Amino acid sequence: MEFALLNGSIIKRSEAKVDVEDRGYQFGDGVYEVIRIYNGKMFTVAEHLKRFVKSAEGIGITLPFTTLQLTEMLEELRIKNNLQTGNIYMQVTRGTAPRNHVFPTGDVAPTLVAYTIKVVRPLENLKSGVKAILTEDIRWLRCDIKSLNLLGNLLAKQKASEQGCFEAIQHRGQDVTEGSSSNIFIVKNGTVITHESNHLILKGITKDVILDLCNNNDIPVQERTFSLAELDEAEEVFLSSTTAEVMPVIEINGKKISAGVSGPITQKLQNLFEKEVEKQCGLLVDKVI
Ligand SMILES: Cc1ncc(COP(=O)(O)O)c(C=O)c1O
C-alpha cells in the first residue's frame, strides 16, 4: 500500500484528497519541490527544503512546519513507502477558501501534500544524450519561484515531445534562459557557461552542485547570459535537473552538437556528480561512466 503526507499526517495515498476550492487546484496558487532518493537516502535535501521555504515566502505563504519537521516527515514517508530509488514530490498551496483572486483572510491553513514515486536513473539517456528543440520563453518574470503554475513550461515540453525531443531549450529573444524542466549549460573554449541565477530561471539544485564541482575541480565556469549564437557554436551542451542529473544534449533543432555524442567535459561532470551522490547516499550500482 502506498502512503502520502497530508498536512502533517501520513495516510493511505488513496485517501489523500483536497477540496475543489483548494487554491492550488483552482489557481496554481502554491509552490513545489522534487527531491531525489538514491539508495534510500535523500540527496541535497537541505538545499531543496531551503528553496521550498524561499519559494513559499516569495508568494507570501508561511510553511506550517519547520525545515527539521519537514525532513523528519519526508523520511517517515519514504520509509513507509520503502522507496529506495525515486522522487519525493511535495507541494504547499495557500489552502482552501471561497474562490477569489484576493488572498483569503483569517485562519486559512496552507495545504501541504507529499508522496513518493519510484523512478530509476535514466542511464541510457545519460550515456547516449538527448535531443532538444528551441522555443521562445513565454513564461512570467518570477521563474526563480518554483510555482505550481507550469503552463509555459508544459507547452514548451509538449512541443519538444511532439518533435520526438526530450527537452525544449527556452530563450528570450537572443538570450538562452533554461529548459522547460532543466537548466542549460554550454561549453565554449573549455569553459562551462550557464545562465546566472536570477528571476528569469529556476536556481536549480543540480545546477549549484555542478557549479561547486567545477570550482572544486579546476573546470573553468561562468554564470552569465549566453546567446543563441553561442549555443549554436557550443563545443558541448548539457542540461541538469534532479531527475535528469547531468544530461548530454547531442542535437538541437536537428543539428548535431559535438558530433552527436556526449562530450569530454560533460562526461567528466557526470563522473564527478556520481561521486557526489555516492558521498551523500552510498555506492551506486549502475554508473554512467
Ligand atoms: C524550469 C526548471 N528549471 C530548472 C530545473 C532544475 O532544477 P533542479 O536541479 O533543482 O531539479 C527544473 C526542475 O524541475 C525546472 O523545472
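The discussion below takes the pockets, the ligand and the cavity in turn.

Mentor: This is a predicted model, in which local features need pLDDT of at least 70, side-chain atom pairs count only at pLDDT 80 or more, and totals for chains, interfaces and linings use all residues. Residues are numbered from 1 along each chain as its sequence is written, and side-chain values use heavy atoms, with hydrogens and water left out.

Trainee: How much space lies in the largest pocket?

Mentor: On a 1 Å grid over the protein atoms alone, a pocket is an open set of points with protein on both sides within 12 Å along at least five of seven lines, whereas a cavity is a set where a 1.4 Å probe fits but cannot get out. Points are joined across faces, edges and corners, and a volume is the space filled by probe spheres set on them. For the largest pocket this space is about 900 Å³.

Trainee: Which residues lie nearest the centre of the largest pocket?

Mentor: Lining residues have an atom within 4 Å of a point. The largest pocket has 42 of them, and those nearest its centre are Tyr32, Lys146, Ser180, Ser181 and Ser182.

Trainee: Which helix gives the largest share of that lining?

Mentor: Helices (H or I, at least four residues) and strands (E, at least two) are DSSP runs numbered from the N terminus. Elements that give two or more residues to the lining of the largest pocket include strand S3 (30-38), helix H2 (45-58), helix H5 (151-162) and helix H6 (205-216). The largest share, five residues, comes from H5.

Trainee: Where does the second largest pocket lie, and why?

Mentor: The second largest pocket holds about 570 Å³ of space, and 27 residues line it, with Glu47, Arg51, Lys203, Ile205 and Asp208 closest to its centre. Domain bounds come from an automatic or database domain assignment. Because both domains give residues to the lining, the second largest pocket lies between domain 1 (3-118) and domain 2 (123-281).

Trainee: How many charged residues are in the lining of the second largest pocket?

Mentor: Asp, Glu, Lys and Arg count as charged; Ala, Val, Leu, Ile, Met, Phe, Trp, Tyr, Cys and Pro as nonpolar; and the others, Gly among them, as polar. The lining has six nonpolar and nine polar residues, and the number of charged residues is 12.

Trainee: Which residue has a side-chain N or O atom 2.6 Å from an oxygen atom of the ligand?

Mentor: A polar contact is a pair of N or O atoms within 3.5 Å. A polar side-chain atom of Glu178 is 2.7 Å from a ligand nitrogen, and a polar backbone atom of Ile205 is 2.8 Å from a ligand oxygen. The residue asked for is Thr242.

Trainee: What is the volume of the largest cavity?

Mentor: The structure holds one cavity of 30 Å³ or more. Its lining includes Arg36, His48, Ile205, Thr206 and Thr242, and H6 supplies the largest share, three residues. The volume of the largest cavity is about 50 Å³.

Definitions and conventions:
A polar contact is a pair of N or O atoms within 3.5 Å; within protein, one must be able to donate a hydrogen and the other to accept it, and residues adjacent in sequence count only if both atoms are side-chain atoms.
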